[in-house]
Amino acid sequence: MGSVPAVAGDLASWPAHAEPAVVSRRLSEQFLTTPAEAYKPEGCDTKRHSYGGGRTIMYCVASLWAHGLDCARLAGQKDVETRLLDRFWPLMGEQAKFIPAPGHVDNTIFGALPLEVAYLTGDAKAKKLGLSFADGQWSAPGPHTTKSPQNLPLAEQERLFADGYTPETRFWIDDMYMITFLQVQAYRATGDEKYLNRAAKELALYIKKLQRADGLFEHADGVPYVWGRGDGWVAGGLALVLSHLKSNNPDYAAVRAGYEKMMAALLRTQRADGLWGQLVDDPGSWTETSGSAMFTFGFVVGVKRGLLDAAKYGPAARKAYLALVGKLDSHANLADVCEGTVKKNDRDHYLARPRVNGAPYGQAALMWICNALLEK
């Protein structure tokens, strides 16, 4: 989501069915067939009633939507962009009830969507709405942050806030995307580097606390399993921030080192088919696509931004992306996506999670890759 130098070779040309503009259009067309607050398009085989339950816009749906808008812009698909925007505007009025309440990272990330709209259209109301989420994430803790049982106790929230961190910090690795995507979007919409500084500072804290010696990340403090999509959120957040962060930022070195160490570990654990396991470092775990797509995004951004060795990571990124495109069904549902997963100190908990075709976690992550590939 920004300008990058042209990259030749492995990431420059694709078979017709795998062209990023083709794939992103298919994903957006599928998104547009189902209510955003009750996401369950045709062919999505989850046992859930829907994602969002008809009550709210889920974090993964907001990410899919925002990146879909950016893909349509980059691909020059004005018809898709217009239809995605038309779906958004009612949220500013009669459908405002579907906007999640801030105070928890999974809800607050919603602000990234109106910030994308503001970036594309210049709409002042969308910008104000998005910034209310981004700035609210760095407001003092209170009832909005203490009502969630997943958030840390109030005293810990207050300590973190005093040290310059968001009180929504909870040390789940998912947060490394939820927080940073919102703050990066605020930076894109305003040009104010305070948002990048917040994101980088937060990432540096999580890297120090949760990154293992081998470069991978535990799902959460006290849960030593390397859950694929959990680490995928990390890869996404690190790549997004490094796409914009200046090298003189005080946290740049820590974030860059954490990213490079993780990418090297992912290169080592990539499977023969180009993808990764539900438990990344466990060869006995089943192949999972949402985390694989997120890792691929990390590779693509690194190659295109000059952060990673193109000769090593370019072929790996290409192999993974083509494998993922090959797992799309006729409805553009990505197969073998792990259902939502809470942390648990139990290997079997992760291995027994249901696999879903078309879950928005996977749809969003594949859209991230298209977004990164379309950037010039």
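Which residues in H2 meet which residues in H9?

Author: In this predicted model, the H2 side of the contact consists of Tyr 59, Ser 63, Ala 66, His 67, Asp 70 and Arg 73. Facing them in H9 are Tyr 177, Met 178, Phe 181, Gln 185 and Arg 188. Sorted by class, the contact of H2 with H9 comprises 5 nonpolar, 3 polar and 3 charged residues.

Two packed helices are described by the angle between their axes and the distance between the axes. Helix H2 covers residues 59-75 and helix H9 covers residues 175-190; the angle between them is about 35°, and their axes are 12 Å apart. The crossing of H2 and H9 is left-handed.

The whole structure contains 19 aromatic pairs.

The loop between helix H8 (154-162) and H9 holds Phe 171. Most residues other than glycine have a negative phi. Phe 171, although not a glycine, has a positive phi of about 65°. Phe 171 counts as buried because its relative accessibility is 8%, under the 20% limit. The charged end of Lys 209 sits over the ring of Phe 171, at 4.9 Å from the ring centre.

Methods: Residues numbered from 1 in each chain as written. Predicted model: local features only at pLDDT ≥ 70, side-chain atom pairs only at ≥ 80, totals over all residues. Heavy atoms only, no water. Phe/Tyr/Trp six-rings, centres within 6.5 Å; stacked < 30°, edge-to-face > 60°. Lys NZ or Arg CZ within 6 Å of the ring centre and 35° of its normal. Axes fitted to C-alpha atoms, helices over the stretch in contact; angles between N-to-C directions. Helix = DSSP H or I, 4+ residues; strand = E, 2+ residues; numbered from the N terminus. Left-handed = near helix turned anticlockwise from the far one by under 90°. Contact = heavy atoms within 4.5 Å. Nonpolar A, V, L, I, M, F, W, Y, C, P; charged D, E, K, R; others polar. Buried < 20%, exposed > 50% of the residue type's maximum accessible area, 1.4 Å probe, protein only.
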